Amino acid sequence: MTAKSTLINMDKVHAVMTSRMSYFLVILLLLLAALLRTYDLANLPLGFSEDEIVNIRLVDNVRQGDIFVFYPGADGGREGAYHVFAAFMTSFVGEGTIGFRISSVWLSLLSIAIIYTLGNHLFNPTVGVLAAGLVTVNMSSILLARTVSSDATVLFLVSATMLALARSLPVYRRMRVVTSNIVSFAALGALLGIGFYLHPSSLFITLGAMAYIAYLLYIRNVMFRQRRSYTGFAILLMLIISMPYLISTINLPQYSAAQRILSHYSDGLLRSIGDGLLAIVANGDANPLHNLPGRPLVDAFSGLLMLVGIVICVLRRHRSRFMLMLIMFSLTLPAALIVENSPNFARMTVILPQLAIFFGIGFYAVIRAPIFADAIFRRLAVAGVLVLLGVNVIWTWSDLFVDWRNNEAVVPLVNGKLGQIAHYLDVVGDETPVVFCNSAWDINEPEPVIRLSDKMLLMMNRSKFVYNEADCSQSLLLTNGGEKQRIFFFDDAGLDGLHPYIQEWLSHGQWLTGNLPRNTIIELETARLLADRAGAFTTTAPLSYAPEVADPEPIAPPIRFGGNLTFLGYEPASERRFLPGESVDVITYWRVEGEFLPDIILKHHILSDPVTPIGIRDVISVNPLTLRERDVFIQVTPVQLRETTLPGKYIVSVGAYRQSDQERLPALKDDQPHGDRIFLYDIEVLPLTATDESGG
C-alpha cells in the first residue's frame, strides 16, 4: 500500500460527529470565546496603548465628518474603514474602554463562527469545530479582540473571504446546488473591495483569491466555466468599490498599503521569516501588546497536527478545496512573516484561520487512522482533544488574567497608571470636585501631542464627567471656596516641579491609598484656612488703584474686576529684594464670582513708573473653561527682571484682559470702572557686586 493510499479519504469515511452535535459544540465554544474576550473587558488591559489612542482620535475625526481613505501618520498611514465602523458602533454603545473595544470583540466572535462554517463547508463538522476551538482559546486572538486596532479586522476579513470563495466557486467534484447563488458572489466582491480600506493584509488576501480563480481557469474546471459570468460580476464589484482606494494610492503613494509593505522588504528578510515561523510553536512574540513574552502562538502538539494537515493538503492538491487552503495560506504567509519587528502575532492573524483548519484536518486524519477504528481508541482520541482544549483554556486563562495582567512590561505600554485613575473615577464619580494637575493644557493654541488628562478621559466609561484643570506647578485651584476636593497628579514630573508655596498648601491634604498608583490623588479641604488667609489680607496686603484714576492711597482687598473676577489679595511675605535678571514670584489669590470668560489672561507687570515696565508676564495657570462660581485659585507667577535693570525701587501691578480682543477688564469701585489695574507692593533691585558679576 502506497503512502498516498493510506491517507484518509475525507469524502467517503463516515462522519465522526453529526451536524446537530457540531452546532451544539460550536455554541458552547462561542460562549467560551465570549467569556474569554469580555471578562473584565473594562480593565484588562487597564488603559490604551499609544497606537490605540491614535486610532481613537481618528474615530473622533470620523464623527466630526473627516473621513479619508488614508489617514497620514508617523507610521506611514492608516486605512480608514475600521475607524468608520468603530465610530458607528460607539454611537450606539458609548465610548470608554468598553465602547471602543466592543467592535473588536464582536468581529472576533463573528470570525470564530465563520471559521467553523468554513471548515464544515470545505470538509466536515469535526474539522469546523476543531478549527473554531483552536481560535477560541488562542491568546493572541483574545488580546487582539481587546485592542482598538484595524488588526482586529484581519481575522474576520480572511475567514469571510475564504468562505465566500468556497460558497461561490466549486470546491467539490460535484455541485451541491443546482444553481449558483448570486449573493455569495456579491459577498465575495464586496469583501475583496472593502478589504482594501481595512488593512494592508487585504492585498495578499485579494492576491490569494485571484490566484484561486486563476487555478480554476488553469485546470479548466467545468463547473467554474458555468460560473464565469458570476465571477466576472464579483471582480467588477470589487473594482468599483476599490476605485477610490486605487485613485488615492496613485495620488498619495507614501500612505498606501503597498508602500508600507514594501518598506519591510529590506535587510533581515530571511531572519524575519525564520523568526516568524519559529514563533508559531517555540519562542513566540516578545511584544507584550501582542502576547505574553515567551508564549508560542500555539502549543507544540497543535503545531504538529497543523503540519500533518498541511502535508495532507499538499498530497491532495489536485482537489479544489485542498488547493484553496494551500493557495490562501501560501499567498498570505508573506503578510504574516515579512513585517517590522518579526515575529508579530497581530499580523499573523492573516494565517490563523488557515492554521486552525490545518489543525482540524490533521486531527481528523489521525483519528481516522486504522488504529482508531476500535471504539476504545476512538474514545481515547476524543478524550485527548477535550483534554487539549481544557489544557489550553487553563493555560490561556492563567497567562492572560494573571501573568499578562501583572506583567511589569505591559503597564507602561498601555498607560496603565492612567487606566487605574480612570477606573477609580468611574467608580467614585465626580460628586467630590476633581482637579487635574496638567501643565500642558493650553487654551491659546492646539496641542500637537495629546495630554495625559485627555488620554485618561478616553479610558473612562462615563459619558459625562465634570472636572477642573490647572498647572499645579504654579497654581492651586481650590474649588467651591476650599471645600473638599481631590487633586490628581498624572506623573512624578508634576510633583517634582511644584513651587514651595503650592507644596505648603498641599501639605494640609492627605494622599489617598488603595488600588491607585502611589502619590496620585490628594484629598484637600481648606475652606477654613482659606477664609482665615483672605481675612488677613485686609490688614496685611494693602494695595491701591492706578494713579491715573485715584490717589495712591492704600486700600484693603478684595477688589472686583469685570468678567466675574475678584482679586482677593497677595502674599505679603514675598521676597522683596532682587538682583538684575532674577525672577520675582508674584503670588496672588483670585476668586470666580459667576460665569467666567473663557479667554481671560492675567497680567503681571513690574514698573519703574506707572507706565514703563521692566518685567512682564501675562499668563493664567488654570483652565478658565473649567472654572465655576466660588472657585478660588492661587497663582505663583515668576516675572523675569531685565539684565539691565538699574538699582532702585519698582512696583508690582496686576490686572486682566480678554485674549480675543485684548480688551482689559476694568477694576471696579462701587460697581463702577476705576482703571484697569491695581498696584500691590514695591520691590527693590540691588546693584550687582563684583562677586555677582563674576558669578554671572
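**Around Ser473**

Trainee: Is Ser473 buried or exposed?

Mentor: Ser473 is buried, with a relative accessible area of 19%. Buried means under 20%, exposed over 50% and partly exposed in between, using a 1.4 Å probe and protein chains only. Keep in mind that this is a predicted model: local features need pLDDT of at least 70, side-chain atom pairs count only at pLDDT 80 or more, and totals for chains, interfaces and linings use all residues. Residues are numbered from 1 along each chain as its sequence is written, and side-chain values use heavy atoms, leaving out hydrogens and water.

Trainee: Which residues is Ser473 in contact with, leaving aside neighbours within four places in sequence?

Mentor: Gly497, Leu498, His499 and Ile502. Contact means heavy atoms within 4.5 Å.

Trainee: And where is Ser473 found?

Mentor: In the loop between strand E4 (468-470) and strand E5 (475-478). Strands (E, at least two residues) and helices (H or I, at least four) are DSSP runs, numbered from the N terminus.

Trainee: What order do the strands of the open sheet come in?

Mentor: E4-E3-E6-E8-E7, with mixed pairing. E4 and strand E7 (510-511) are the edge strands, each pairing on one side only. Two strands pair if DSSP finds at least two bridges between them.

Trainee: How many bridges join E3 to E4?

Mentor: Three, and the two strands run parallel. One of the residues to look at is Cys437, whose bridge partner in E4 is Ala470.

Trainee: New topic: where is Leu28 found?

Mentor: Leu28 is in helix H1 (residues 19-38). Leu28 counts as partly exposed because its relative accessible area is 41%.
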